Amino acid sequence: MISLARPIIGAEEIAAVIRVLRSGNLTQGIVVQQLEKRFMELCGTSHAVATNSGTSALHTAIYAAGILPGDEVITTPFTFIATANAVIMSGAQPVFVDIDPTTFNIDASKIEQVVTKRTKAILAVNLFGQPAEYAAIMAIARQYNLIVIEDAAQSINAQYQGKMSGNLAHIGCFSLYATKNIMCGEGGMITTNNAVFAQRARMFRNHGQDEYKRYLYKDLGYNYRLTDILAALGIAQLKRLKKITKKRQSVASYYTTALKDIPGLILPLRLPDRTHVYHQYTLRVTDSFPLSRKKLQEYLFQKGIQSAIYYPQVLSEFTHLGQKSSKKRLSEAYRAADECLSLPIHPFLTLSHIHSISSALTNISI
Ligand SMILES: *Cc1c(COP(=O)(O)O)cnc(C)c1O
């Protein structure tokens, strides 16, 4: 079976974890600080704050940015649930805007229509590894005095107009979950150039405790600390980041060449002013393809090829998010949820895997 995702866990990762275990310092300590420093270097930000998941990074970032209960946060309905859940955790209200069908990212031209007096922030997601439309998003934010948060869970090492993901908005959030481009099992990271946001984030991840004064609790906080054990894994992974990114991009370009003439399949589009790090290689299976998406998945499975639907549901369908918007207003998100299909993309894919996946798809249409 060709699996959808598979992390690299090499001798370096194992040795790094063992070093921490032998040191006896297992909780958040110097290794977490080292991982934060590496993220600052990678993204070019002046601060980085580690957390224990991408979800806690988002929750922390929303708090750090001063978003309060009752505030509205504009975001995309076509993303992982954690993006919108983090807004709810903060007591704020997600407000969904439809996506741009060519990139699956939030349609920046539709953001202004939903700005109200209560809008405090825009939470953009770089879905599947390609940055959203930050020039337009930041311009709207300046005009309406909004904070912009970048959900960079899927876009580590991507660039937009020469700038690194994590440094495209006021605050960025990464996930280091096991299936992300680099991982430490579970983990997250916040990046920002704003010293106040960074300080508030460090407090929030540690029970609201003053950064320098123990047992002085300035606000409600959580235990969102990362451990040195996992940070060591993350540091080892970061050393592989360039290679992993290149490999994913080269698999994507093989797919794009091999699949480009299949009628009824729409391939992912990379825009010229940014890079795509292909956390997912996501096709659209349209009505003019000979098989339904479900039948195609079954067919691929029989050939030993895993595939997955990211994401099968538009987030406005989930009642706890309180945004049961009309299907019509989010029609592109609904169409994407009906058509999308992600193919295996990870560093262990060989040319022969890619070839068998491509020919499986090609053989259907002839
Ligand atoms: C993975 C992911 C998250 C959540 O990260 P966890 O580390 O799983 O908590 C948030 N947003 C997006 C877009 C993701 O892909």
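Predicted model: local features only at pLDDT ≥ 70, side-chain atom pairs only at ≥ 80, totals over all residues.
1. Ground rules. Local features here need pLDDT of at least 70 and side-chain atom pairs count only at pLDDT 80 or more, while totals for chains, interfaces and linings use all residues. Residues are numbered from 1 along each chain as its sequence is written, and side-chain values use heavy atoms, with hydrogens and water left out.

2. The α9/α11 pair. Helix α9 (residues 293–302) packs with helix α11 (residues 351–364) at about 130°, their axes 11 Å apart. Helices are DSSP runs of H or I with at least four residues, strands are E runs of at least two, and both are numbered from the N terminus. Axes are lines fitted to C-alpha atoms, for helices over the stretch in contact, and angles run from 0 to 180 degrees between N-to-C directions. That angle makes α9 oblique to α11 (under 35 degrees is roughly parallel, over 145 roughly antiparallel, 65 to 115 roughly perpendicular, the rest oblique).

3. Who touches whom. From α9, the contact uses Leu 296, Tyr 299 and Leu 300; from α11, Ala 360, Leu 361, Asn 363 and Ile 364. Contact means heavy atoms within 4.5 Å. By class, that is 6 nonpolar, 1 polar and no charged residues (Ala, Val, Leu, Ile, Met, Phe, Trp, Tyr, Cys and Pro are nonpolar; Asp, Glu, Lys and Arg charged; the others, Gly among them, polar).

4. Two faces of α9. Arg 293, Leu 296, Tyr 299 and Leu 300 are the buried residues of α9, where buried means under 20% relative accessible area, exposed over 50% and partly exposed in between (1.4 Å probe, protein chains only). They span an arc of only 120° around the axis, so they sit on the same side of α9; the arc is taken over directions from the helix axis to the C-beta atoms. Lys 294, Phe 301 and Gln 302 are exposed on the face turned away from the buried side. The cover over the buried residues includes β11 (281–285), α10 (331–339), β12 (340–343) and α11.

5. In the loop between α9 and α10 you'll find Tyr 311, and the peptide bond from Tyr 310 to Tyr 311 is cis, with omega near 5°.

6. Positive phi without glycine. Asn 157 has phi near 80°, in the loop between β5 (147–151) and β6 (159–160). Tyr 278 has phi near 45° and lies in the loop between β10 (265–266) and β11. Asn 157 counts as buried at 17% relative accessibility, and Tyr 278 is buried at 9%.
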